[in-house]
Amino acid sequence: MGVPTPYHGLSCLGCGLVTAIGALASTLAVPLWGHVGDAMLGRRRAFQTAGVLAAVVSLVLGGPIPVVAYAALIAALTTFQGTFMSLSDALAVNALVDAPRQYGRIRYLSSLSFAVVVTITGFVYDRTGYAPTTFLFAALALALSVAVAWIPDRPRADLAPKGDLPPNEDLAPEPEPL
């Protein structure tokens, strides 16, 4: 986020503000995307939706846009990109044969793959500059959205209330109509 900001006229304070807004947006969006993945679309479809939306926002960020639009799009990109880690974790854990014993391996491989990608990205930026950043991110987001189609996903959660559940006595009785 901090690298392309000089091209959009953000000061250090503006960069900090945009980063904070993006972090807040991601904090609010990750549980929302988790719900969408668990109860509405399924984890795989939610991941794909977030990936495509992240790619679109990233491509728009690559063009000439006003500072206010840039700030809003960075917040949007952060919300979509933030879902990758949580939904990919959920998909990976579902695919494990013995999830409690193998989860550490998934976390280790996630961290290792992040380190490898960041290193490769550093070499690419060293040769090309930062201009292809948004296009590279969009291409990777779309590639992940396609690749996740082959990862098994458990059925969506059934969160509908069941008619045979006993009433909750902790709740206050409904008021009488006037």
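## Surface patch and helices of a predicted model

Val 124 is partly exposed, with a relative accessible area of 30%. This residue belongs to helix 4. The structure described here is a predicted model.

Val 124 is also one of the residues of a nonpolar patch on the surface, together with Tyr 108, Leu 109, Leu 112, Val 116, Ile 120, Leu 136 and Leu 140. The accessible area of these residues together is about 670 Å². Two elements, helix 4 (99–128) and helix 5 (133–147), each give two or more residues to the nonpolar patch. Helix 4 supplies the largest share, with six residues.

Arg 43 counts as buried because its relative accessibility of 11% falls under the 20% cut-off. The side chain of Arg 43 is joined to that of Asp 38 by a polar contact of 3.2 Å.

The two residues are set out below.

| Residue | Relative accessible area | Class |
|---|---|---|
| Arg 43 | 11% | buried |

Helix 3 (residues 67–95) comprises 29 residues. From its first C-alpha to its last, helix 3 reaches 42 Å, close to the 42 Å expected at 1.5 Å a residue. At Phe 84, helix 3 bends by about 25 degrees.

Note on methods: Residues are numbered from 1 along each chain as its sequence is written. This is a predicted model: local features need pLDDT of at least 70, side-chain atom pairs count only at pLDDT 80 or more; totals for chains, interfaces and linings use all residues. Side-chain values use heavy atoms; hydrogens and water are left out. Patches are made of residues with over 30% relative accessible area and no salt bridge: like charges are joined within 9 Å, nonpolar side chains (Val, Leu, Ile, Met, Phe, Trp, Tyr) within 5 Å. Accessible areas come from the Shrake-Rupley method with a 1.4 Å probe; for residues, only the protein chains shown count as cover. A salt bridge is a side-chain nitrogen of Lys or Arg within 4 Å of a carboxyl oxygen of Asp or Glu. Helices (H or I, at least four residues) and strands (E, at least two) are DSSP runs, numbered from the N terminus. Buried means under 20% relative accessible area, exposed over 50%, partly exposed in between (1.4 Å probe, protein chains only). A polar contact is a pair of N or O atoms within 3.5 Å; within protein, one must be able to donate a hydrogen and the other to accept it, and residues adjacent in sequence count only if both atoms are side-chain atoms. The expected span of a helix is 1.5 Å times one less than its number of residues. The bend at a residue is the angle between axes fitted to the seven residues ending there and the seven starting there.
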